[in-house]
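Visitor: I'm new to this kind of picture. Could you walk me through how to read it?

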Amino acid sequence: MGTRRRAAAKAAPDLARERELWDAGAGVVAGVDEAGRGAWAGPLVVAAAALRAGDPRGASLGEVRDSKQLSPALRQRIFDRLRGECAGWAVGSASAAECDELGMSAAQRLATRRALLELPVRPEALLLDGRWDFASPPAGSPAGAGFDGPVRAVVGGDARCVSVAAASILAKVWRDGLMVRQAARFPGYDFAQNKGYPSPRHRAALAALGASAIHRQSWKFMDRLPADAGRQASPPQLRPAGRR
């Protein structure tokens, strides 16, 4: 067994936290995770993966792991399975411009709200990865998450909870596919390879071409661009997408 497979097997998530919420009366629990928070370009993407109490499909997701532990090919294969084996799933996004305007925490709440609005089943409880502040600002505000049920944040949740691990795969694969498509619209930045994240070729392209319309204009890397660097044309409007 290779190193990657040993690590994935060791860190296998389980349904313990989902079962605690099911036992407390939440019939549908959704795991929530993001992709793209550390990128220089492209949207912040949040996925929600819903599992229903008593649905045997949730217990059958034996290959699900934190997306960072999986190869691209295995992530894609599990993504294709998840679309049929979750009780429901959806993806929401916040554009680079919204990340600049709102800040990353508020943009993450906004993308979460969009994902939950697209989710075809209504979750009665949420499991989140990490410690991020989900409850503030109020749910009725433009950057609120719009959910008033029980919310449990789990540090390392993408490695510990099946629903959160599933959400991490959905978010990662969906965003990676988007950035591959954007590579054709914004040539030169190597988006098909770096997916908008920092890399030597991405850094060199910024120095030569300036920022594109999907780069995050408020980030520190912008301070180091030449004053006369160009700016490419605006992309088509990104919309929340990806649901079952």
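Guide: Let's start with Asp190 and Arg201, whose side chains meet in a salt bridge at 3.9 Å, N to O. A salt bridge means a side-chain nitrogen of Lys or Arg within 4 Å of a carboxyl oxygen of Asp or Glu. This is a predicted model, where local features need pLDDT of at least 70 and side-chain atom pairs count only at pLDDT 80 or more, while totals for chains, interfaces and linings use all residues. Residues are numbered from 1 along each chain as its sequence is written, and side-chain values use heavy atoms, leaving out hydrogens and water.

Visitor: Where do Asp190 and Arg201 lie?

Guide: Asp190 is in the loop between α8 (162-185) and α9 (191-194), and Arg201 is in helix α10 (residues 200-209), so the pair ties together parts 11 residues apart in sequence. Helices here are DSSP runs (H or I, at least four residues) and strands too (E, at least two), numbered from the N terminus.

Visitor: Is Arg201 buried or exposed?

Guide: Buried means under 20% relative accessible area, exposed over 50%, and partly exposed in between (1.4 Å probe, protein chains only). Arg201 has 58% relative accessibility, so it counts as exposed.

Visitor: How many salt bridges are found in the whole structure?

Guide: The search finds 10. One of them joins Lys68 and Asp158, with the closest N and O atoms 3.0 Å apart. Lys68 sits in the loop between α3 (56-59) and α4, and Asp158 in helix α7 (residues 157-160), so this pair ties together parts 90 residues apart in sequence. Lys68 is exposed at 61%, whereas Asp158 is buried at 7%. Asp66 joins these two in a network of salt bridges.
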